[in-house]
Amino acid sequence: MYIATSRSADSAAGIPDPKGTARRVSGNVLALGMVSMVTDISSEMVTAVLPVYLVLGLGLSPLQFGVLDGLYSGVTALVRLAGGHVADRFGRFKAVAGFGYGLSAVCKLGLLAAGSSVGAIGAVLAADRTGKGLRTAPRDALISLSSEPEFLGRSFGVHRALDTVGAFLGPLVAMVVLWLSLGSYDAVFFTSFCVAALGVLVLVVAVRDRTKPSPVRARPSLSESAGLLKIASFRRICWWAALLGLVTVSDSFVYLLLQRRSDIAQVYFSLLPLGTAGVYLLLAVPLGRLADRIGRWKVFLGGHVALVCALLTLVGPFDGVLLAVVALALHGVFYAATDGVLMAAAGPCLPEHLRASGMALVQTGQATTRMISSVLFGWAWTAWDLYPAVLVTTGVLAAVVLAAAVVRPLRRVEVPA
Amino acid sequence: MRSRWLIVLVTVLVLAGAAIGYTWYAREKTARHGDVNVVPVVSGQALSVPSPGQVLFRNTAAGPDYGRVAQVPAASPGAPRHTAGLSCDRFAAAGGKALCLAARPGVLPPVTDITVLDKDLRVLRTFDLPGSPSRARLSPSGRMAAWTLFVTGDSYAATGFSTRAGILDIETGELVKTVEEMPLQVNGEQYFSADVNYWGITFASNDDRFYLTMASKGKTYLVEADFRAYRGRALHENVECPSLSPDGSRVAYKKRVSADQSAPWRLAVLELASGKETVLAETRSVDDQAAWLDGKTVLYSLPGRDGSSDIWSVPADGTGAPALFVTGGASPAVGR
């Protein structure tokens with residue numbers, strides 16, 4: 001305790017601590033980060049080859065592929081809430097997360113077994129997404145419960161950075177396997193299964209279930225989970241995160257905009273997200289630490305300011321490489337300042353026995369409004385054309401960020417029961 | 001504790017061994033598509049673009065010649081096929097030129113090598129574009145090359161799929177990587193939408209007029225366009241992958257007839273002058289850009305056994321019944 005206290009005094013005084021990251025992030029968070037990294041290698045391997053496999057290997061039409069792709073990303077919302085609730089109810093974070101990781105791992109073999117049946121592939125992809133939905137909230141709750149409250153931003157930063165490393169490595173591993181196997185997609189799926197199984201193994205061996213002894217309580221009921229919204233600070237986080245999600249322009253539109261503006265980008269379109277991910281990877285930890293020091297909500301809003309700047313850059317006077325670099329860097333800052341930081345901000349507002357449910361609630365709210373946002377933005381793009389749509393959306397986003405800064409929804413955080 | 005880490009170590013080794021073993025097994029399997037050709041093949045022939053009475057296609061019969069360009073006489077398509085060394089995922093030939101689309105192996109995000117060949121299948125020009133091969137066509141004179149590629153945003157983008165249809169004027173060298181920016185009219189009005197997708201180009205004999213599919217907001221349209229004026233207009237709804245008849249009066253295409261994902265299409269023929277539509281006798285769902293064998297018959301491929309495909313023929317007037325044309329083939333190109 002003494003060490004932690006003296007360190008937090010250091011950081012409060014702004015004394016730099018070069019080795020701080022390693023020492024203040026608990027082993028459990030690092031272990032969870034490793035699990036996410038390995039699992040992401042596995043899942044990104046599949047995501048990278050899946051479109052080619054479906055279209056070229058199985059001869060699926062654009063239409064069929066579009067439907068499958070929609071399924072692939074649309075399943076998670078409710079499953080996430082369920083995963084959070086079950087984890088809280090039985091106090092079994094590791095078990096629920098492990099089931100989710102395991103389900104996704106088995107799905108990689110499912111792809112092999114599904115062969116060329118479109119229905120079977122759809123079912124496997126849906127199950128895979130279910131696994132992802134189930135594990136997310138318990139995992140984030142476990143990160144939150146394994147960290148000292150004052151270092152939450154840093155913990156989530158470390159976790160997300162490791163996660164992103166996996167996302168980078170996945171397509172590379174897939175390429176190596178394709179190269180070695182002379183283009184066999186089955187070999188990619190099978191290797192992906194082995195990697196995913198390794199992730200589950202790391203989880204089973206290295207991750208401990210909630211580290212702090214919790215007071216004995218009755219199992220939280222569904223209504224108690226829903227009652228989380230009665231906690232004023234948490235309710236405000238949920239509402240504002242959802243509202244900001246509603247005015248956030250989704251990634252695909254950012255890349256489309258960039259593609260329209262920049263000729264070089266056309267050929268390298270699919271590489272643009274790597275730019276965002278790279279910046280995210282570099283800044284996840286520093287911005288997490290900054291969030292711990294100056295306030296998580298401030299950094300979260302700051303991330304949205306970066307998005308406003310990115311959008312303004314995209315309609316601004318620059319062109320070519322400069323445009324791409326600046327826009328992608330700002331987009332990466334947006335991710336680094338929002339993704340893990342939001343979870344770090346939500347954590348302390350939630351009672352420990354309802355942490356997974358609460359995290360699922362924030363995530364689902366945000367994901368849902370972001371989905372609505374893409375529909376709305378697509379509609380605005382069609383109705384008003386590109387530039388007016390971007391300008392109006394950016395204006396609304398800026399207004400909401402300003403409002404959130406003025407209202408300061410987290411100026412007081414009640415300590416939850 | 002010690003036995004626990006021993007179990008971990010053993011598991012890791014087993015997993016690594018399994019992954020390496022499977023990859024090696026897959027390598028052996030895909031290296032040759034089997035040791036012998038399952039159909040009679042005369043390998044290593046110097047083929048040329050089809051003269052009248054000949055059909056070139058992509059050989060998909062299992063065996064060492066899998067994926068190679070092959071040739072049979074149109075009158076006896078069951079005869080032993082002659083194959084060349086050229087391998088393509090999609091192939092087209094017309095008017096003394098050929099077009100070969102091949103996905104570059106093991107590259108992510110996918111890249112397609114597009115090769116224009118002369119009448120003896122010698123390379124005239126080659127370039128690459130992002131995406132996976134979907135459709136390939138040449139104008140009847142062989143001057144205009146057209147293709148469609150699937151382009152997918154990768155995982156971080158999650159933009160889903162889209163198609164990019166491009167055109168090369170082989171004579172002038174003018175290359176249009178995507179026709180997406182082409183001004184378009186639907187119902188007499190200028191049409192703008194962010195989700196516009198084009199695929200399945202087919203050229204008329206004047207090397208200027210072309211037809212293609214446009215999809216937007218859940219609908220597909222037959223678009224008629226001019227290459228030099230560079231504009232298009234929608235003619236008809238629910239048309240995908242049009243293929244212009246040799247006399248230029250009709251298009252064969254796939255028409256969406258069912259919401260069922262496993263069998264959404266039927267082949268149909270549209271008379272351009274009258275707008276009269278005839279559904280063909282093939283009742284199975286066809287996902288291909290049809291090719292005209294002559295003025296009366298269309299060819300198309302359907303999935304066969306073990307990842308192979310077969311070329312079928314059916315009368316273009318809605319009568320008769322489908323007949324097997326070439327076992328183990330795709331992308332037929334007929335000499336005229």
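**Note on chain B of the predicted model**

1. Residues are numbered from 1 along each chain as its sequence is written, chains are lettered from A and ligands numbered from 1 in the order in which they are written, and side-chain values use heavy atoms, with hydrogens and water left out.

2. Along the principal axes, the C-alpha atoms of chain B fill a box of roughly 80 × 50 × 40 Å.

3. Chain B has one helix and 27 strands, these being DSSP runs numbered from the N terminus (helices H or I, at least four residues; strands E, at least two). Of the contacts in chain B (heavy atoms within 4.5 Å) between residues at least 6 apart in sequence, 43% join residues at least 24 apart.

4. An open sheet of chain B is formed by four strands in the order β5-β6-β7-β8, with antiparallel pairing, where two strands pair if DSSP finds at least two bridges between them. Because β5 (90–94) and β8 (123–130) of chain B each have a single partner strand, they stand at the edges, and one side of each is left without a neighbour in the sheet. Within this sheet, strand β6 (residues 97–103) of chain B is joined by six bridges to the antiparallel strand β7 (residues 111–117) of chain B, and B:C100 stands opposite B:T115 in β7(B).

5. Strand β20 (residues 250–256) of chain B is mostly covered, since six of its seven residues are buried. β20(B) pairs in the antiparallel sense with strand β19 (residues 240–244) of chain B over three bridges, and is joined by seven bridges to strand β21 (residues 265–271) of chain B, also antiparallel. B:K254 in β20(B) stands opposite B:E240 and has B:L267 as its bridge partner in β21(B). The hairpin of β19(B) and β20(B) has five residues between the strands, and there B:G248 takes a positive phi near 75°.

Terms used
This is a predicted model: local features need pLDDT of at least 70, side-chain atom pairs count only at pLDDT 80 or more; totals for chains, interfaces and linings use all residues. Buried means under 20% relative accessible area, exposed over 50%, partly exposed in between (1.4 Å probe, protein chains only).
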